[in-house]
Amino acid sequence: MAIYILRKLAFFLGALFIASVAIFLLIRGAGGNVAAVVLGKGATPEAINALAHTYGLDRPMAVQYFDWIGNMLSGDLGRSFRTNESVADLVTARLSVSIPLAFSGLVLGLLIAIPVGTYAARNVGTPSGALLALVSQIGVAVPVFWAGILLSLLFGVRLGWLPTGGWTDWSVSPWGAIRSLVLPVLSLGLIMAAVLIRYVRSAVLDVMNQDYLRTARAVGMTRTEALLKVGLRNAALPLVTIVGLQIAELIGGTVIIETVFSLPGLSRMMLANVAAREVIVVQSTVMLIVVFVISINLIVDLLYGLLDPRVRATR
Amino acid sequence: MREKMHLITQRLGLLTAAAALFAGALGGAATLAEAASSRAAENKMVLVARQDPGTLDFVKSNLTAMRLWIPANVVEPLVYFNKDGSVSPGVAESWTISDDKKTYTFKIREAKFSNGAPVTAEDVIYSLNTMKASPVVDYAAAYEAVTAIDKVDDRTVKVTLSRPSQNFWQGMGAISGLIQPEASAGTIATNPIGTGPYKLASYTTNSTFEFEANPTYWGEAPPVKNVTVRIITDGTAGLNALEAGEVDALPVITIDLWEQLSKRELDKKYSLVTYPQVGEPTYAVLNQKLDKDLRETIAKTLDRQSYNDAFGAAWGAENTCTFALPNQVWYSPESPETCPFPYDMEGAMATIAEKGYASTPLEYASLSDVPDLSLPADIMVPAMQAAGFNVTRNAIDLARYSQLIFQGRPPQFDVTIMSGDANPVQFACPDPSKAGWSTYCSPEYTKALADADVALTQEDYVAKMKQAADILRKDAVIVPLIAKKGVGLFNPDLKGFEEPRVNVAIELNKLHW
């Protein structure tokens, strides 16, 4: 097990290094610079170059990379060129929106997907199972922005029950913050459920045909008991992988939901900063997400080892 | 099986009902009237901004998203130029102009900045020198004739010019004339300080501006004490918020929403205002390196009415061949007298065939992330292709566009479309080596502008500006298409909107319930 963990850690560090270089080069490869964006079309190249110089953007690329990565390793994520705000502060403020949004959306998705997916697997080949499969397919096909706009129009504009968008900070009103999140979470959760139902259904179908489930039934368990006590733990393996990937995607990938509902989350912040070529903000934020994603993957890999002894033996 | 289906239907019904009950418990139905009146009773209002400026540093940034909210509300200029042409005091309570118009003496008001510090002559000198050194050319241009900025006494500042300059005087009522305390310069990007009727309580990027009435304001306290400006980048979401009664106004509605606004009949439910100051001319830019006949032929493929129709709201824009807005006296709508190259598709096709322009590859640089500009490009490129031009559209985002065109020397385009400030001085160019992003350079045009700048009378100034506008349109580099007006939607109970005086700034203290 120790070798298994060491291998995974080495892969983890290598992946981080490659990601840091890729992030650094990609944002620069997109062209443009923040000085030109700030000064707009009326500025002379001399003025733009002078501002770029004060931002340190005219230094050699290698110097900029090692400066950035060195600061990151010492815990300094850098500062916004335009406002001089600390990237750590910017990210922390946005996470108070993005984390509740992502996790609540995922939990809602799982709460719907696990029972519905299991039900669909148990009733495969029946009209109700086919109906659920159809509904989940439609859910997968529905663009998340469309679901968001419809929910906003129904619950916000027509019924007036919930805000159509906007954000009330937790420090101002926790209840207001929850109200701000209901429709975005609902949009995200419903779409996520549609995706996860298919995985749950497929995983449960897979274990239902396994010998150990037949053995469980042979020793006197009912079909439901066998599924709950023996089958679900085995079906959980692929689901854990998918959920891990979904969490990672959700933290930085809710830009559409955040835009439709005008939430000041991490994704929207990143989009605005990519457009403005705020390279330090973008690099540090993306790097944090990469660290998070790769850490989740590492945890998932280690969980595999714990959940299934065969994984430890074969890897 | 039917029982199972019935069970599922029952459970789904229960879930829906539960969701409805849950949503109901979170808040009662808010009608527009209730929401608006509750904010009125609390002396608040909520407005919508479509763009996040990212920085509030008005010295370094000329982004409209910043200029809408900070000037006039938080940071004031020395003077205000009113719609009727009169001049009102700002940070300067009075002023004198020498007979030769080369010396301006400003008496500084006894007032305090919103941080409690008194306004001093040193602050005014610092502010003017800072704007003089601004990297934003339009702001610094006001100081071209300034030779000295001196303190006369604790409350008097004298500005000496090498020649009369209309640009300087106009600039003192615009962003070039904004006054800030030197001690707070370090926080200008997130918390600018000034003497205006409001102070900025907080600015959260991509979320909100929170304004509070400035307790140290020298004038009458603003009628609405607290103002929230929500940054809603999705236009439909902004209109939804207005319709749901969550916000009270969208003072600036971009052109991409005009059609939706009409279709949803929001212009009937709310007070629609149109005003030229926040408007922008939309114009094609034809690289001056192209042959003049070729530029004129491209200009003839521009059907101004088709651009106006595309935006779906006749009240929002006028067809024009003059680089100006309707509030500028040298403006004129499209007419045979003012359009040197009117729409003439057949004529253009004949010239293309005759001169073989089809073999000249043209690159059309199109800003992909600005709807106001990608929509006209959708019309212009096919029209040019239909006429027979060999034109390729290169769609790029703002940062890349800034690099290739605004910053590029020479700029990397043959044809593009732009919209922005109607300040004709931006195209002044005394020497082709100093041509700006638009590539336009005309000594004749620049001289006409310089003559206007030193004009001693308003009549002379207007005559010279008209002459300059005529030179510009005949050169077929800057080809105006439409003059877009500023368009806003307000809750009918929210009254008092006045057209901006300091560039495009929405003056919040004029609004009241």
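**Strands, helices and the chain contact**

Modeller: In chain B, strand β13 (residues 317–319) pairs with β17(B) in the antiparallel sense, and three bridges join them; two strands pair if DSSP finds at least two bridges between them. Within that pairing, B:A317 has B:K484 in β17(B) as its bridge partner. This is a predicted model, in which local features need pLDDT of at least 70 and side-chain atom pairs count only at pLDDT 80 or more, while totals for chains, interfaces and linings use all residues. Residues are numbered from 1 along each chain as its sequence is written, and chains are lettered from A and ligands numbered from 1 in the order in which they are written.

Biologist: Which other strand pairs with β17(B) in the antiparallel sense over two bridges?

Modeller: That is strand β11 of chain B, residues 249–250, where B:A249 stands opposite B:F490 in β17(B). The names refer to DSSP runs numbered from the N terminus, with helices (H or I) of at least four residues and strands (E) of at least two.

Biologist: How many residues of β17(B) are buried?

Modeller: Strand β17 of chain B, residues 478–490, is mostly covered, with 13 of its 13 residues buried; a residue is buried if 20 or more other C-beta atoms, placed from the backbone, lie within 10 Å of its own.

Biologist: Changing topic, what is the strand order in the open sheet of four strands?

Modeller: The order is β4-β5-β7-β6 in chain B, with antiparallel pairing. The edge strands, each pairing on one side only, are β4 (92–97) and β6 (146–153) of chain B, and from one strand to the next the twist averages 20°. Strand β5 (residues 103–108) of chain B runs antiparallel to β4(B) and is joined to it by five bridges, with B:W95 standing opposite B:F106 in β5(B).

Biologist: And which helix lies across β5, β6 and β7 of chain B?

Modeller: Helix α4 (residues 121–132) of chain B does, running at about 170° to β6(B); axes are lines fitted to C-alpha atoms, for helices over the stretch in contact, and angles run from 0 to 180 degrees between N-to-C directions.

Biologist: At what angle do α15 and α16 of chain B pack?

Modeller: Helix α15 (residues 443–453) and helix α16 (residues 458–474) of chain B pack at an angle of about 165°, with their axes 8 Å apart. The two helices, α15(B) and α16(B), are therefore roughly antiparallel to each other, the term for angles over 145 degrees.

Biologist: Last one: how many residues of chain A are in contact with chain B?

Modeller: There are 52 residues of chain A in contact with 52 residues of chain B, contact being C-beta atoms, placed from the backbone, that lie within 7 Å. Several helices of chain A each supply at least two residues of the side that touches chain B, including α3 (45–55) and α8 (174–208), and the largest share, six residues, comes from α7(A).

Conventions. Parallel < 35°, antiparallel > 145°, perpendicular 65-115°, else oblique. Contact = placed C-beta atoms within 7 Å. Buried ≥ 20, exposed ≤ 12 C-beta atoms within 10 Å, placed from the backbone.
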